[in-house]
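Here are my notes on the model you asked me to look over. Please read them with the structure open beside you.

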Amino acid sequence: RSQSKLTQTASLSVSKFKRLNDVGDKFLTIGKSMSLITLGLGGAFISGAKKAVSLQNQYVKIKNLAVTGGEAQVEAQRNVNKMRKLGTDLSLQYGVSQEKIGAGYEELIRRGYSTNQTLATQKQFLQASIASGDDYTDVVHNATAAIESFGMKTNNSNQMAANTKKVLNQMAYAADLTATDF
């Protein structure tokens with residue numbers, strides 16, 4: 001009898017030890033999973049921070065280009081702040097990344113457009129890109145080349161917006177007729 005009681009106690013102890021070991025294994029598995037999740041989240045935060053810094057640098061570059069192009073420092077900064085806000089809003093509305101929108105702003109400024117002209121025309125470029133299915137960067141590049149080639153670039157922001165819309169509509173129409181891209 002005492003041996004069977006001892007066997008029972010030993011079996012019970014082994015059983016409890018196995019359950020305790022299983023619980024420990026589960027904690028280890030959870031810990032490993034959490035470390036992978038934490039690593040992934042950390043990577044996402046680092047990536048997001050790098051993109052934010054890159055976008056900030058892009059806007060600083062745009063302001064510097066505008067000032068170098070002859071705009072007053074105060075006006076350039078005010079309009080670049082508007083570009084940031086508009087870029088965020090348009091990115092959410094049209095699903096184009098803020099980095100691409102910033103690159104579009106930069107291309108326009110590099111081509112000699114004022115910050116006011118850039119602000120006045122940006123939404124039209126995005127709408128044309130979405131409507132045509134063409135890459136936003138291609139639309140900006142090709143449409144500005146057409147605007148300049150046909151002498152439609154003007155210093156008046158409202159007229160520039162009207163000319164941009166006209167060129168974009170004509171290019172989209174031609175692309176539809178010929179089944180080509182912008």
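1. Basis. This is a predicted model, in which local features need pLDDT of at least 70 and side-chain atom pairs count only at pLDDT 80 or more, while totals for chains, interfaces and linings use all residues. Residues are numbered from 1 along each chain as its sequence is written, and side-chain values use heavy atoms, with hydrogens and water left out.

2. Overall fold. The chain has six helices and zero strands, so that its pattern along the sequence reads α-α-α-α-α-α. Helices and strands here are DSSP runs numbered from the N terminus (helices are H or I with at least four residues, strands are E with at least two). Buried residues make up 30% of the 182 residues; buried means under 20% relative accessible area, exposed means over 50%, and partly exposed lies in between (1.4 Å probe, protein chains only). Among contacts between residues at least 6 apart in sequence, 63% join residues at least 24 apart, where contact means heavy atoms within 4.5 Å.

3. H2 against H3. Helix H2 covers residues 73-94 and helix H3 residues 98-110; their axes come within 9 Å and cross at roughly 135 degrees. That makes H2 oblique to H3. Axes are lines fitted to C-alpha atoms, for helices over the stretch in contact, and angles run from 0 to 180 degrees between N-to-C directions. Angles under 35 degrees count as roughly parallel, over 145 as roughly antiparallel, 65 to 115 as roughly perpendicular and the rest as oblique. The crossing of H2 and H3 is right-handed (a crossing is right-handed if the near helix is turned clockwise from the far one by less than a right angle, and left-handed if anticlockwise). On the H2 side the contact uses Met83, Leu86, Gly87, Thr88, Leu90 and Ser91, which meet Gln98, Ile101, Tyr105 and Ile109 of H3. The residues of this contact divide into six nonpolar, four polar and no charged. Ala, Val, Leu, Ile, Met, Phe, Trp, Tyr, Cys and Pro count as nonpolar, Asp, Glu, Lys and Arg as charged, and the others, Gly among them, as polar.

4. H3 against H5. The axes of H3 and H5 are 9 Å apart, at an angle of about 15 degrees. H3 and H5 are therefore roughly parallel to each other, and their crossing is right-handed. From H3, Lys100, Ile101, Gly104, Tyr105, Glu107 and Leu108 meet Tyr136, Thr137, Val140, His141 and Thr144 of H5. By class, the residues of this contact are five nonpolar, four polar and two charged.

5. Glu107. This residue of helix H3 counts as buried, at 19% relative accessibility. Leaving aside neighbours within four places in sequence, Glu107 is in contact with Val140, His141 and Thr144.

6. Tyr136. This residue lies in helix H5. At 2% relative accessibility, Tyr136 counts as buried. Not counting residues up to four places away in sequence, Tyr136 touches Val96, Lys100, Ile101, Gly104, Tyr105, Gln122, Phe125, Leu126 and Ser129. The C-alpha atoms of Tyr136 and Phe125, 11 residues apart along the chain, are separated by 7.1 Å.

7. H4 against H6. The axes of H4 and H6 come within 8 Å and cross at roughly 20 degrees. That makes H4 roughly parallel to H6.

8. Core. Which residues touch the most other members of the largest nonpolar core? Of its 30 residues, they are Tyr59, Ile62, Met83, Phe125 and Leu126. Helix H1 (2-68), H2, H3, H4, H5 and helix H6 (157-178) each supply at least two residues of this core, and H5 gives the most, with six residues. A nonpolar core is a set of buried Ala, Val, Leu, Ile, Met, Phe, Trp, Tyr and Cys residues joined through side-chain atoms within 4.5 Å. Tyr59 touches Val80, Met83, Arg84, Gly87, Gly102 and Tyr105, not counting residues up to four places away in sequence.

9. Asp134. This residue lies in the loop between helix H4 (115-132) and helix H5 (136-149). Asp134 is buried, with a relative accessible area of 10%.
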